[in-house]
Amino acid sequence: GQSAWGRLFRPSLCAHMLQRSLTVIGLRTKVAARAGPKRSVRQLGSNAKIERDNTPPVVPSTTTSSSAMMKMKPSKPSETAEILKHLNTYFPINPTRYDLDESTMNNVQWRESGRSKETAHMLEFYGITPDLLPKFEPRINLVVKWPSTQSVSFRGNKLTPTQVRDKPEVSFEAKGKLWTLIMTDPDAPTPENGKEWLHWLVVNIPGNKISEGQTVVDYVGAAPPKTARYHRYVFILAEQKDRINPVQDGAATAASSSSAEGRYPFNTPSFLAKYNLNPKGASFFHAQWDQVVPDIYKSIGIPEIDLTKKEAEKKIDSANRYTRM
């Protein structure tokens, strides 16, 4: 029979062990490369501001997304925690000058510059696809900005409720078709147990003339509860086949900017499916509670949800990597 050493070092086992080691080493190398030598929060201090340059923001490849990492099954639980820690510490979600250039781009320039692919990767990385949308590559440059606070929504950058309190200016390049614009928060009231809270819904938009569309639900700014967690706020531009009437069909409830009626819970996938809407553009940002949130709750006539940090931490799920900022 085969000796003990022979059984231990049989070719198939050695190959498996080598492949597993290379997977972990390669993963650590990719995370370290993404971090960069000058982006260490540990070296700069927890409150340090990291200077950005003109280089494009790092975009996760499909092979190193968080879900892919979890499927790799590192040999120790601590390695999974280390991977998530690196992603949360170093992944750039603040817009660079590279990002700011795109607000003036037409659709062709935007796609040729690689922004459409970056947006698709970001949507997947933060779980917006498939949570809200089917996996797709946006074809339209959806520009969302708040001139009063000089703020812009990109691919997951951080904004405050104060910055996005007023209705934004939304622009995109499109002609001869009808469009639907949705803004939704899929993390209400908490990311761990979230359902959608509808912030804005405009349908039957002719071309890119949003002011001529039918506003079903008026805009209300981001108002995440007082917790330690960030919420995702997602703008979706979808192409319509024909005119639609969500209120008449019972798919949505009309709501003014001073009303919370019909906003929660909303279901974007069901709404898109009901009217056979085809997503063409998307933009999103993250936001956390700030001092204007109580006023927003008051303006729509509902009591503020106040979750203490301790209560929120009890519900933390380590798999929800897009909420662990």
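Two strands pair if DSSP finds at least two bridges between them. Strands here are DSSP runs of E with at least two residues, helices are runs of H or I with at least four, and both are numbered from the N terminus. With that in hand, strand E5 (residues 178-188) and strand E8 (residues 231-239) pair in the antiparallel sense over six bridges.

Before going further, a word on the source. This is a predicted model, in which local features need pLDDT of at least 70, side-chain atom pairs count only at pLDDT 80 or more, and totals for chains, interfaces and linings use all residues. Residues are numbered from 1 along each chain as its sequence is written, and side-chain values use heavy atoms, with hydrogens and water left out.

## The whole chain

The protein chain holds 13 helices and nine strands. Of its 325 residues, 46% count as buried; buried means under 20% relative accessible area, exposed means over 50%, and partly exposed is in between, with a 1.4 Å probe and protein chains only. The chain exposes about 16800 Å², and carbon and sulfur atoms supply 51% of that area (Shrake-Rupley method, 1.4 Å probe). Take the contacts between residues at least 6 apart in sequence: 74% of them join residues at least 24 apart. Contact means heavy atoms within 4.5 Å.

Strands of a sheet pair through backbone hydrogen bonds, either parallel or antiparallel. In this model, six strands form an open sheet with mixed pairing, in the order E3-E9-E8-E5-E6-E7. Which strands stand at the edges? They are strand E3 (155-158) and strand E7 (214-217), each with a single partner strand, so one side of each has no neighbour in the sheet. From one strand to the next, the twist averages 15 degrees (axes are lines fitted to C-alpha atoms, and angles run from 0 to 180 degrees between N-to-C directions).

| Strand pair | Bridges | Opposite residues |
|---|---|---|
| E5 and E8 | six bridges | Thr184 and Val234 |
| E5 and E6 | eight bridges | Ala188 and Lys195 |
| E6 and E7 | three bridges | Val202 and Thr215 |

E5 and E6 also form a hairpin, with six residues between them. Strand E6 (residues 195-206) is largely enclosed by the rest of the structure, because ten of its twelve residues are buried.

## Helix H8 and what follows

Helix H8 (residues 115-125) includes Met122. Eight of the eleven residues of H8 are buried, so this helix too is largely enclosed by the rest of the structure. Among the buried ones are Arg115, Thr119, Leu123 and Phe125. Met122 is buried as well, with a relative accessible area of 4%. Met122 and Arg155 are 33 residues apart in sequence, yet their C-alpha atoms are 6.2 Å apart.

Just after H8, Gly127 takes a positive phi of about 75 degrees. Further along, Lys135 lies in the loop between helix H9 (128-131) and strand E1 (143-146). Is Lys135 buried or exposed? Lys135 is exposed, at 62% relative accessible area. Leaving aside neighbours within four places in sequence, Lys135 is in contact with Glu124 and Thr129.

Most residues other than glycine have a negative phi, and most peptide bonds are trans. Gln150 sits in the loop between E1 and E2 and is exposed at 76% relative accessibility. Asn204 lies in strand E6 and is buried at 3%.

There are cis peptide bonds to look for, too. One runs from Ala188 to Pro189, with omega near -5 degrees, and Pro189 is in the loop between E5 and E6. Another joins Tyr264 and Pro265, with omega about -5 degrees; Pro265 is in the loop between helix H10 (246-249) and helix H11 (268-274).

## Empty space inside

Rolling a probe the size of a water molecule over the atoms shows where empty space is left. E1, strand E2 (151-153) and strand E9 (278-287) are the elements that give two or more residues to its lining.
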